[in-house]
Amino acid sequence: MRGKLVVRACCASAAQRGVTPGMPLAEAKAIVGPTLRVGPDPHAERGVYCEPHEPKADYEALQKLALWAQRFSPLVAVHEPDCLLLDVTGCGPLFGGELKLAEKALRDLHRQGYAGRAAVADTIGAAWAVAHYGTADAAVVLPGQHSDELKPLPVESLRLDEDVIQLLRAFDIRRIDQLLELPRAALPSRFGPELLRRLDQALGDVAESLTFERAHEPDEATWEFEVPCGDRRVIEAVLEKLLEQVLEKLRPRQMGVQRLLCWLHLVQSKVVGTLRVPSTTDGTRSVPTTFLVGLLHASASMRHLLELVRLHLERVQLPAEVARVMVRASAAPLDFHQGQMFGEENAERWREFPVLVERLCSRLGEKAVLRPSLRADAQPELAWRYESWLAQWGRHSCLPDAEGRQECLPHALLWRPPCLKAQPVAVPVMSVVPGGPPLRFEWQGHSHVVAHYWGPERI
């Protein structure tokens, strides 16, 4: 701000020490003292540190949190810089009341690593004001009483610009009840039109619209046959059309297909055993047959993906006609090789190698194309095993099946820890003999038991 660094936001620990948003960083350093550090210190357990403000990263995190919050309401909007607005009309009885809904949202938010406050009110402005400047962490403003709840709150709760706030302070107007006592006609000329608009929005006299976040639609496509079909050429043409529809959704996002799950719903005239299968439009039964197409690297090539689908389809037995076809993709960012265009001569050969592996896995099956990998075992001759080439890339991929259940692909062992410290941290451990395997260790004031993994045959 005007060539100087200021505090954009602060946590509760910093606020207790006297740091406030808008304060110059130099003043915050003087208040906190030498315990203020720039960037987190992995060795320090307590203290205050500052990080550079990244509005874009904050907004993206709020968008992800908005999609997570759709478990409480299907209508969730992002209100920058630090707020989510939920339309919970009719959602309270599902959680035992609006107050319990707000309390559960705060508990679940805390499990996600966030600290927050919640308020339910008739208007967006009243809910925002009570959540930011109220006294309770979770509050519900009764219908028709939002005006009384707003009066003792400061004028900052009206979501005004800082220039308007400073002008109101110059006139010693610090609470909303003081503002309501002034002549309404004189407010726009003295403080601008924004003050009256925000006040009317909080009181419910002016409507306020929101742009709700839309949940990401699954990358899938479906084709329904009017008459069940048994011609493989027609089925291949339908799969080609569905695959093109999926790629059209992925291309604007610079994404490609990492795993492709295909369903072929076969017509079954009767129920076999106790299996319950859905009925088709003509009253017959349909049984889904699935096959999974895996890739080493995400691809958006229609020709390559269609070739893999055809190789899989050749190995699928179709004892009955197909009534419905569905494909669902697990997307991943595309790999760009522009930096290798003028590199080594064998770069093109290495790019063709994954294509060869994918073709072999599609024709012979994933379990037929293996590679050796290391495993934890005290005996060197047993410290390896065979695993599928595609298992490594599918360890984090989960695709919902036709009934909405999650079908998780085979997971390989992690190649590295999920989190690495910038500097090594000493951890106290306890073992039976000096230098032996640890049995317990201390971390952040808690004692943990070490679980040793010796393979599936020795646990």
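Modeller: A patch joins residues with over 30% relative accessible area and no salt bridge, like charges within 9 Å and nonpolar side chains (Val, Leu, Ile, Met, Phe, Trp, Tyr) within 5 Å. This is a predicted model, in which local features need pLDDT of at least 70 and side-chain atom pairs count only at pLDDT 80 or more, while totals for chains, interfaces and linings use all residues. Residues are numbered from 1 along each chain as its sequence is written, and side-chain values use heavy atoms, leaving out hydrogens and water.

Colleague: What is the area of the nonpolar surface patch made by Phe-353, Leu-356, Leu-360 and Leu-364?

Modeller: One of its members, Leu-360, lies in helix H13, residues 347-364 (helices are DSSP runs of H or I of at least four residues, strands runs of E of at least two, numbered from the N terminus). Areas come from the Shrake-Rupley method with a 1.4 Å probe, and for residues only the protein chains shown count as cover. The patch of Phe-353, Leu-356, Leu-360 and Leu-364 comes to about 340 Å².

Colleague: Is Leu-360 buried, exposed or partly exposed, and at what relative accessible area?

Modeller: Buried means under 20% relative accessible area and exposed over 50%, with partly exposed in between. Leu-360 therefore counts as partly exposed, its relative accessible area being 35%.

Colleague: How many salt bridges does a search of the whole structure find?

Modeller: The criterion is a side-chain nitrogen of Lys or Arg within 4 Å of a carboxyl oxygen of Asp or Glu. Lys-104, Asp-108 and Arg-111 are linked in a network of such bridges. For the whole structure, the number of salt bridges found is 14.

Colleague: How many residues apart are Arg-169 and Glu-156?

Modeller: Arg-169 and Glu-156 form a salt bridge with closest N and O atoms 2.5 Å apart. Arg-169 sits in helix H7 (residues 162-170), and Glu-156 in the loop between helix H6 (146-150) and H7. Arg-169 is partly exposed at 35% relative accessible area. The pair links distant parts of the chain, with a separation in residues of 13.

Colleague: With which residue does Arg-175 form a salt bridge?

Modeller: Arg-175 is partly exposed at 36% relative accessibility, and Asp-177 is partly exposed at 22%. Their closest N and O atoms are 3.2 Å apart, and the partner of Arg-175 is Asp-177.

Colleague: How far apart are the closest N and O atoms of Glu-244 and Arg-251?

Modeller: Glu-244 has a relative accessible area of 25% and is partly exposed. Arg-251 is also partly exposed, at 36%. The two form a salt bridge whose closest N and O atoms are separated by 3.2 Å.

Colleague: Which are the edge strands of the open sheet?

Modeller: The sheet has 3 strands in the order S15-S16-S17, with antiparallel pairing; two strands pair if DSSP finds at least two bridges between them. Strand S16 (residues 440-443) and S17 pair over 4 bridges. Each edge strand pairs on one side only, and they are S15 (429-430) and S17 (446-449).

Colleague: Which residue takes a positive phi in the hairpin of S16 and S17?

Modeller: Trp-443 has His-446 in S17 as its bridge partner, and Glu-442 stands opposite Ser-447 in S17. The hairpin has 2 residues between the strands. The positive phi, near 55°, belongs to Gln-444.

Terms used:
Buried < 20%, exposed > 50% of the residue type's maximum accessible area, 1.4 Å probe, protein only.
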